[in-house]
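Subject: Structure handover and what I found

Hello,

Here is the structure I promised to pass on. Please open it alongside this note and follow the residues as you read.

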Amino acid sequence: MDFGISLKNAQHLLGLRIDDALRPLDLSLGLWGVLREIGRTPGASASELGRTSFHTPQTVGGLLQRLQNQGLIERSTGRGRIVENHLTRQGAKVLRQATAAVDDVVSGSLAHVDAEHITQASR
């Protein structure tokens, strides 16, 4: 089988497992990715979040709306007309729980991979 296809299949399977782990927190991989980026860069705009989370502006807009509706982020005008995004207290708590769940999935997925291969792939 072609390496690229194998890699894409592994990515897809990992994404499904992460989605399953995040479902109890009412999150998906996409929502967690944006939430994580807001945690890393408080006040980031939608366009900044789109670049760092690999989503289109339209997708980020929908994800931000869902996160706001869930009470996980607050949005406010900050730099001129730019809308800034910040975690709420609940958002920070859910982000910690979600990140732990994702870390568990990734660790479990790498459990049978040689440590040297993981180090090489991380470069």
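Which exposed residues does the face of H4 turned away from its buried side carry? They are Gln58 and Asn69. More on H4 below, after some ground rules.

**Ground rules**

This is a predicted model, in which local features need pLDDT of at least 70, side-chain atom pairs count only at pLDDT 80 or more, and totals for chains, interfaces and linings use all residues. Residues are numbered from 1 along each chain as its sequence is written, and side-chain values use heavy atoms, with hydrogens and water left out.

The pLDDT is the predictor's confidence in each residue, from 0 to 100. The chain averages 89, and 90% of the residues score at least 70. Confidence is highest in H2, at a mean of 95. Helix H6 (residues 115–121) has the lowest, at 64.

**Overall layout**

The chain has six helices and two strands. Both kinds of element are DSSP runs numbered from the N terminus: helices are H or I with at least four residues, strands are E with at least two. In sequence order the pattern reads α-α-α-α-β-β-α-α. The C-alpha trace spans about 50 × 25 × 20 Å along its principal axes.

Of the 123 residues, 28% are buried. Buried means under 20% relative accessible area, exposed means over 50%, and partly exposed is in between (1.4 Å probe, protein chains only). A contact means heavy atoms within 4.5 Å. Among contacts with a separation of 6 or more, 54% join residues 24 or more positions apart.

**Helix H4**

The buried residues of H4 are Val60, Leu63, Leu64 and Leu67. They sit on the same side of H4 because they cover an arc of only 100 degrees around the axis. The arc is that of the directions from the helix axis to the C-beta atoms. These buried residues pack against helix H2 (29–40), helix H3 (46–53), strand S1 (73–79) and strand S2 (82–87). Just after H4, Gly71 takes a positive phi of about 75 degrees.

**Helix H3 and Ser53**

In H3, the buried residues are Leu49, Gly50 and Ser53. Their arc is only 105 degrees around the axis, so they lie on the same side of H3. Their cover includes H2, H4 and S2.

Look at Ser53 in particular. Ser53 counts as buried because its relative accessibility is 9%. Its side chain reaches the backbone oxygen of Leu49 at 2.6 Å. Not counting residues up to four places away in sequence, Ser53 touches Gly33, Val34, Glu37 and Val60.

Phe54 follows H3, in the loop between H3 and H4. Phe54 is not a glycine, yet its phi is positive, about 65 degrees. At 76% relative accessibility, Phe54 counts as exposed.

Asp26 also has a positive phi, about 60 degrees, although it is not a glycine. Asp26 lies in the loop between helix H1 (3–22) and H2. Its relative accessible area is 47%, so Asp26 is partly exposed.

Leu72 is in the loop between H4 and S1. Is Leu72 buried or exposed? Leu72 is buried, with a relative accessible area of 4%. Leaving aside neighbours within four places in sequence, its contacts include Leu27, Leu35, Leu67, His86 and Val94.

Next come the strands. S1 and S2 run antiparallel, joined by six bridges. Two strands pair if DSSP finds at least two bridges between them. Thr77 stands opposite Val83 in S2. For Arg79, the bridge partner in S2 is Ile82. The hairpin has two residues between the strands, and Gly80 takes a positive phi near 65 degrees there.

Best wishes

Key. Polar contact = N/O pair within 3.5 Å; in protein donor to acceptor, adjacent residues only side chain to side chain.
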